Each structure stands twice: as structure tokens, then as C-alpha cells.
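Dear colleague,

Here is the structure I promised to pass on to you. Please look through it with the notes below beside you.

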Amino acid sequence: MSKPAIDESSLLSADHVRALLEWIQQESSGAVFPFLASIAGTALSPGEAASVRVHDVTLPDGEFGEVLVRASEGRRVPLSPDIVGVLGRWIDEADLEAEDLLFPAERGGPLASSEYKRAWRRARQAVLSSDEVKAGLGEQVSSLRDSCLDRWLEAGVPAWGVAEWAGMSASWIALRYPHRFRLEDVEIDWDHLEEILRLPVVPER
């Protein structure tokens, strides 16, 4: 839980994520693509994503949905319309029932980490530049989670909201992503600040 502040340059960009997932969609089979796409869009940990069942997701067509993460005290995380579409198509394609794991292995049971990690390594080699690979960009599947949390913050989701969706504390989010909390990047309404801090007029003696 006490991970150091993340280096902004080590985060996968939105373009990186899309290119990696596009390669995985074309080159892998089974639940690997929807599994990794869901992590990229919900910031679930791989362990959390592997335990999700079909009845834990709400998938309204063309709208934001949500996934119920049952770990710890449980929390609800939004699903973008794109992720809703990916998961809906996957459920239909795999003929999954409500009680089934959302991302089963081809022979049943949870999707093996070795399977999605192998696809991730191959995608990095195919999509990223040699310099990016050598620098360790996106080295772990959890990089998808890190980048998703960063994009939520970039989009203006308050730190407490990101923390609630991620199952973390707001202080952890602030310490992990300090580049999203630089004072020089904040627009301060100085006139409003002066007004709300105005002291009562004290008559002269």
C-alpha cells in the first residue's frame, strides 16, 4: 500500500493503451482481451477482475454501466460505454450465465495470470518502441491500473472519488500521483477567495 510517488513519464498514455489493447484483441483468444480492457477502464487489480462474476456487472446499451467489486467492503466502479460494449459482446460470445466468472479460462476456472501476462509481454514487444521497452514502460499488467487512475484525475474526477472507485484512501492517491496536485496548475478565483475570507469591519476607537 505504501508505493512511492509514480513518475509521470512511466505512465502509459491513452494512445499506448489503445494500441496495446488493439494488438491483444487481434492476436489473443478467449477472455484475455476483455479482461485486460476491463482493467484499463476500471483500475481493478488483476485479482479483483479475475473474481468478477457476470451478475456483478450492469451493462446498459450505449451508456455508463458499473461493476460491483466484492473484495473487502465492496465498491461500485463505473464502466464507460466502450467497456460496456466490450463486456456485453464477450458475455454473448462466451455464452456466459449470471453466476459464471466474467473472465473464465478456456477450460473453466479463473483466467490464469500466466495467460494474460504472456499476451501482455508480446503486445509490449510488438507495439512499444525498443527504447520504451528498455525503459520498462508498461512492464507490469498493473500499469493499466496506474494509467487509468491517472486519466480519471486528469479528467477532473475529485481525488476522493478516484479513491472510492479504486478502493484506496484519498491521501494514497495524492501521494501516488503528485503531478496531478501541483498548485501552479490550479486556477484560483482570488476575488472569491478574498470575499469569503473577508473579516468583519471593526469600528475605529
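V162 sits in helix α8, which spans residues 159–166; helices (H or I, at least four residues) and strands (E, at least two) are DSSP runs, numbered from the N terminus. Please keep in mind that this is a predicted model, in which local features need pLDDT of at least 70 and side-chain atom pairs count only at pLDDT 80 or more, while totals for chains, interfaces and linings use all residues. Residues are numbered from 1 along each chain as its sequence is written, and side-chain values use heavy atoms, with hydrogens and water left out.

Because its relative accessibility is 0%, V162 counts as buried, a word that here means under 20% relative accessible area, with exposed being over 50% and partly exposed in between (1.4 Å probe, protein chains only). Not counting residues up to four places away in sequence, V162 touches L149, W152, L153, V157 and I173, where contact means heavy atoms within 4.5 Å.

D150 belongs to helix α7, residues 143–154, and is likewise buried, with a relative accessible area of 8%. Residues up to four places away in sequence again being left out, D150 touches L11, Y177, H179 and R180.

Helix α2 (residues 32–42) is mostly covered, since 10 of its 11 residues are buried, and among them are F33, F35, L36 and I39. The residue that follows α2 is A43, whose phi is positive, near 60°.

Leaving aside its neighbours within four places in sequence, L36 is in contact with L21, I24, Y116, W120, V141 and L144.

Finally, there is the matter of pockets. On a 1 Å grid over the protein atoms alone, a pocket is an open set of points where a 1.4 Å probe fits, with protein on both sides within 12 Å along at least five of seven lines, and lining residues have an atom within 4 Å of a point. The largest pocket holds about 570 Å³ of space, and of the 22 residues that line it, the closest to its centre are A40, G41, S80, D82 and I83. The largest share of that lining, six residues, comes from α1.

With best wishes

Conventions: Grid points are joined across faces, edges and corners, and a volume is the space filled by probe spheres set on the points.
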